[in-house]
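Hello,

Here is the structure I promised to send over. Have a look at it first, and then read on for my notes.

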Amino acid sequence: MAISSFDRSDYLLDVRGLQTYFFTEQGVVKAVDGVDLNVRSGEIFGLVGESGCGKTVTALSILRLIEEPGKIVAGEVYFEGIALHELTEEKMNNLRGKRISMIFQQPLSRLNPVFTGGAQVAEVLMIHWKMEKEEAWQRTIELYKTVGISDAEEKINAYPHELSVGQAQRVMIALALATVPELLIADEPTTALDVTIQAQILDLLRELRTSRNTSVILITHDLGVIAEMADRVAVMYAGAIVEQTNVVSLFDKPMHPYTTGLMASMPIPGRSAERLNAIPGNVPNLINLPAGCRFAPRCRSRVEYELQICTEYEPDLIQIKPDHYVRCWLYQDKDDHRAPIDV
Ligand SMILES: Nc1ncnc2c1ncn2[C@@H]1O[C@H](COP(=O)(O)OP(=O)(O)OP(=O)(O)O)[C@@H](O)[C@H]1O
Ligand code: SF4
Ligand SMILES: [Mg+2]
């Protein structure tokens, strides 16, 4: 069964066949080139993959925040059944930051340096909830407390450059919460934070899900964070989703050779360092992707099973088991090519 047979109504967010390209002087960068994913209400959905595989561009495309020379060239994005790809810019603007919020990868670069963090949160409250100034400031202090900023009454007056990265990340979360979004996209929210602060931010996201039933797309390259946080996961490689399933299946029985390689390269205490970097070769150039499966040049299974088809045709993301989707010729037939692995 192809992924297109999902029942759209089951999902808070349903992304199909998304393609976002950057038209540069060097050529067309196919940053996102086949993203299908779907997020259920109230779940933490992990999006994992190596640096440069297209995680941030996927998030920005969902929110229609792609700028020149980038362009969304294909795909459909449904949020609560609303076709976001068909909305007017005005309607999209109303939805963005209100029903869907994003915590950006570099919080300091996304906060306005000219205004205090508190002023930025208060402004959202005044515009979105039509609050009076005094009420908005009181609510800002409460939000600062919610996200765990100590001395909230004083810290609301701090400018972004006076905040640590961890505090700036919390202000971003407070901004995102000012509108009670149904979906929060958190792009590497804990990168560059020390382990203690990282744990606190992750706790905060979990708490949000529990107390407000906010769905979270958690973007990370860290499988440890995925294991700890996510309900379901999509694994991305060179612009495409190669596997999507629940977190238990992913760690119990990863099916795509890339996912298997990622797992093997995960540092585990007590395991020898030789197993690290278990995937040979480099990620492909997104301007000049290999023919067929984009993972083919690095794939040991292709060699082991002598699969000719891998370098000829690109596999689709198809359902292999309940709640388990894989993009790999090991598990599917094409014409007379028998799938070598029975599931
Ligand atoms: N403005 C741009 N012009 C050209 N290429 C771009 C542009 N923005 C992103 N890209 C390319 O798109 C690809 C995907 O980038 P993206 O930022 O989504 O990766 P990522 O998975 O978020 O990586 P990271 O884990 O490092 O944040 C990269 O190869 C990047 O070079
Ligand atoms: S389709 Fe072929 S090359 Fe691609 S991951 Fe599967 S076995 Fe490897
Ligand atoms: Mg990124």
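Let me begin with a strand pair: β6 and β7 run parallel to each other and are joined by four bridges. One of the residue pairings is between isoleucine 100 and leucine 183, the latter being the bridge partner in β7. Please keep in mind that this is a predicted model.

Strand β6 itself covers residues 100-103. Ile100 and Met102 point to one side of β6, Ser101 and Ile103 point to the other, and all of them are buried.

Now to the domains. Where the two meet, 24 residues of domain 1 are in contact with 16 residues of domain 2. On the domain 1 side, α1 (55-62), β7 (183-187) and α8 (195-212) each contribute at least two residues. Sorted by class, that side of domain 1 comprises 15 nonpolar, three polar and six charged residues.

Finally, the ligand site. How many residues surround ligand 2? There are 14, and the closest are Cys293, Cys299, Arg302, Cys310 and Cys328. The shell around ligand 2 consists of 11 nonpolar residues, two polar ones and one charged one.

I hope this helps you find your way around the model.

Best wishes

Terms used: Residues are numbered from 1 along each chain as its sequence is written. Chains are lettered from A and ligands numbered from 1 in the order in which they are written. This is a predicted model: local features need pLDDT of at least 70, side-chain atom pairs count only at pLDDT 80 or more; totals for chains, interfaces and linings use all residues. A residue is near a molecule or strand if its C-beta atom, placed from the backbone, lies within 6 Å of it. Ala, Val, Leu, Ile, Met, Phe, Trp, Tyr, Cys and Pro count as nonpolar, Asp, Glu, Lys and Arg as charged, and the others, Gly among them, as polar. Two residues are in contact if their C-beta atoms, placed from the backbone, lie within 7 Å. A residue is buried if 20 or more other C-beta atoms lie within 10 Å of its own, exposed if 12 or fewer, and partly exposed in between; C-beta atoms are placed from the backbone. Two strands pair if DSSP finds at least two bridges between them.
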